[in-house]
Amino acid sequence: MVAIAEKAARPASRLQFILDRPGVLGALFVSPAILYVLALVGVPFLLAIYYSLSAFTIYSQSYRFVGLRNFVDIVNDPVFRQTLLNTFVFTFGSQILGLILGKFGALMLLRPFPGRKLVRALIILPWAVPVALATVAWEWMFDSLYSVINWMLIALGIITRSHAPNWLGTPDLAMLCVIVVNAWRFFPFAIVIFLAGITAIPQDVLDAATVDGAGFWRRNYQIILPMIAPIVVVGLVFGIVFTFTDLSIVYLLTNGGPVNATSVLGYEGFQVGIISGDVAHGAAISLFMLPLLFVLVLVMLRMIRRQEI
Amino acid sequence: MSAVLTSEIVKTFANVHAVNGISLAVPDGEFMVLLGPSGCGKTTFLRIICGLERQTAGDVMIGGSVVNDIPPRARGVAMMFQSYGLYPHYKIRDNIAFPLRTQRVPRAEIEKRVEWASQLLSIGHLLDRRPRQLSGGERQRVALARALVREPTVLLLDEPLSNLDAKLRASARNEIKQFQQRVGTTTIYVTHDQVEAMGMGDRIAVIDRGMVRQVGTPTEIYDDPADRFVATFVGTPPMNLVAWNRGHVGFRPENFLPRDLIADSAVTEFSFRVDRSEYLGSERIVYGVLDGCDAAHEITAKLPPAHVAEESIRPGEWHSFAVRNSALCYFDYDGKRTNRH
């Protein structure tokens, strides 16, 4: 007893319990993530900002500062302006389509039916399948000669073989195609968001609305949608940011064609900066999105906060 | 005329009989309380009246017509839910106006009715707030206003006080009861709390395992229970039961008194061993066993402390206790009330 008491009485080293301090332990746990973000996001980001203000190409690696000249150049370029417009059409088109599909998918999956669990599992597939693989499958469906969509439309007598649409070869149809494929990839995510939101609504509120005389549409648009709006907006912000910066579907399906009809900012930045080697202009194109997205995210997060009051 | 009349309502969920043949008539303007332990089917029964559940068998009549195939919104019922079910994204004004908007009531009329309902419940100053900015008691009043604004034939309340703290509950109980008397709306009130039931109900329907055990005024339910379940479910502490002639005889703790406190001569005497006693200020609860009974079978007596000094009843002592014969209730072997002694 005496020995133990003496041992405890001795002042412990300052460092002996250092890991018990929340500040120290927390910093230790968080530091890998911070290092990762700094090294792989922060540094390239700052580098890109510098490139966009310089005359750097892979053929003449000059770090000469040129101010905003690169930005003025790209804004004066009609291809870039077309690309900017395409990006908005592509992003909002596919998000809206994805949200509609997601809402109806969620409503369907909320009703009990045989095999619901299987359908719930399968519906996540578009999200889980590697984008390259899925896009190749879509490419076959939209193929000018072997399109299964055209085959069906012809078989149903809706169109004739001579008037079969060339899905990826016509500018407007090609844009529709990339929007559909992107919406198809996004809608499982939207379903998950809607399901999470709807199941979180207290049953009492829905019952109250029913007793108060609200029918299906009123319940959906005056009660359910406003109540899940905050979570849907968060999902939408993610969707928009990812789609705005995405280039994979366009790259795999249309290569930006025909005649830049489906070229989007991410794709254009990649083409100019990496493929053509004009790093300065590529960086300028890529960073052109940044203030836009920043404003977009701010506005949406503002909306959420107002909802919560 | 009966505002609500149900006949032989049965509701089965996957082989479980939640409601097992309830026939009940609620006259116009009555405050009817459905009292029962949790899981007895009382809420399911209320939801069937409301139209949120479809009964497996039986008929529901509201205001004289069968409403089995009529959706909730057309039944003329309003329901107030346990957690109120206020719409969090609407201001209080819009919450109260919602049932009128769905019926396409003209705007001016809506304003008038919202004004009327908010005056009635004195929530006029809250109209421009949102539900989350309100206290529990205020939310409850808003929910009541929303239920009443349509002037329903029947008002259905599903445990409306269970989300309030004990102090608020007492005042809210009083408020609802007074309010119902003033407006005169037929009300069906579901609760598992016998104090609420006794204090508020014009009549009480005691429900157990999906069946009505007894319908009666609070006095009838308490003094004249129809069976052993009602006798032991209502009253704190519950009625004492002693084996008797293959059945039971029951007596309320407050009727079980020291022999010398009862002037009457028509009494039944028991020898009572005191085990412990609790002093609760206005009363003293004494726990013990009867001579000749199972020692695990605890009997309680509720004594007026002014008449019984602490020193006179000590643990371990045997005392002569008695019950007036008129206060004894006899039950059959199957729990039904009987006059056979």
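## Helix H2 of chain B and its two partners

H2(B) crosses H4(B) in a right-handed sense. This is a predicted model. H4 of chain B covers residues 136–148, and its axis lies 7 Å from that of H2(B), at an angle of about 30°. The angle falls under 35 degrees, so H2(B) and H4(B) are roughly parallel to each other. On the H2(B) side, the contact is made by Ile92(B), Asn95(B), Ile96(B), Phe98(B) and Pro99(B). H4(B) answers with Val142(B), Ala145(B) and Arg146(B). By class, that gives 6 nonpolar residues, 1 polar and 1 charged.

H2(B), residues 92–101, also packs on H3(B), residues 107–120. Here the axes are 10 Å apart and the angle is about 125°. H2(B) and H3(B) are therefore oblique to each other. Their crossing is right-handed. H2(B) brings Arg93(B), Ile96(B), Ala97(B), Leu100(B) and Arg101(B) to this contact. H3(B) brings Ile110(B), Arg113(B), Val114(B), Ala117(B) and Ser118(B). The residues divide into 6 nonpolar, 1 polar and 3 charged. Ile96(B) is listed in the contact with H3(B) and again in the contact with H4(B).

## Chain B overall

Along the principal axes, its C-alpha atoms fill a box of roughly 75 × 45 × 35 Å. Chain B has 341 residues, and 41% of them count as buried. Take the contacts in chain B with a separation of 6 or more: 63% of them join residues 24 or more positions apart.

## Gly216 of chain B

Where does Gly216(B) lie? It belongs to strand E10 of chain B, which runs over residues 211–216. Gly216(B) has 18 other C-beta atoms within 10 Å and is partly exposed. The cut-off for a buried residue is 20 or more. Beyond its neighbours within four places in sequence, Gly216(B) is in contact with Arg203(B), Ile204(B) and Ile221(B).

Ile110(B), one of the H3(B) residues that meet H2(B), gives a reference point. Gly216(B) and Ile110(B) are 106 residues apart in sequence. In space, the C-alpha to C-alpha distance is 39 Å.

## Chain A overall

Chain A has 14 helices and 0 strands. Its pattern along the sequence is accordingly a run of α elements. The C-alpha trace spans about 100 × 70 × 35 Å along the principal axes of chain A. The radius of gyration of chain A is 26 Å, whereas a compact globule of 309 residues would have one near 19 Å.

Buried residues account for 29% of chain A. Contacts in chain A with a separation of 6 or more include 69% between residues 24 or more positions apart.

## Helices H4 and H11 of chain A

Helix H4(A), residues 78–110, meets H11(A). Their axes come within 9 Å and cross at roughly 145°. The crossing is right-handed.

Thr87(A), Phe90(A), Thr91(A), Ser94(A), Gln95(A) and Gly98(A) form the H4(A) side.

## Where the chains meet

How many residues does each chain give to the contact? Chain A gives 14 and chain B gives 19. On the side of chain A that touches chain B, H10(A) (203–211) and H11(A) (216–244) each supply at least two residues. H10(A) makes the largest share, with 6 residues. By class, this side of chain A has 8 nonpolar, 2 polar and 4 charged residues.

H10(A) has a set of buried residues: Val205(A), Ala208(A), Ala209(A), Thr210(A) and Val211(A). Their cover draws on both chains. It includes H11 of chain A, along with helix H1 (42–50) and strand E6 (77–80) of chain B. Just after H10(A), Gly213(A) has a positive phi of about 100°.

Methods:
Residues numbered from 1 in each chain as written. Chains lettered and ligands numbered in written order. Predicted model: local features only at pLDDT ≥ 70, side-chain atom pairs only at ≥ 80, totals over all residues. Axes fitted to C-alpha atoms, helices over the stretch in contact; angles between N-to-C directions. Helix = DSSP H or I, 4+ residues; strand = E, 2+ residues; numbered from the N terminus. Parallel < 35°, antiparallel > 145°, perpendicular 65-115°, else oblique. Left-handed = near helix turned anticlockwise from the far one by under 90°. Contact = placed C-beta atoms within 7 Å. Nonpolar A, V, L, I, M, F, W, Y, C, P; charged D, E, K, R; others polar. Rg over C-alpha atoms; globule rule 2.2 N^0.38 Å. Buried ≥ 20, exposed ≤ 12 C-beta atoms within 10 Å, placed from the backbone.
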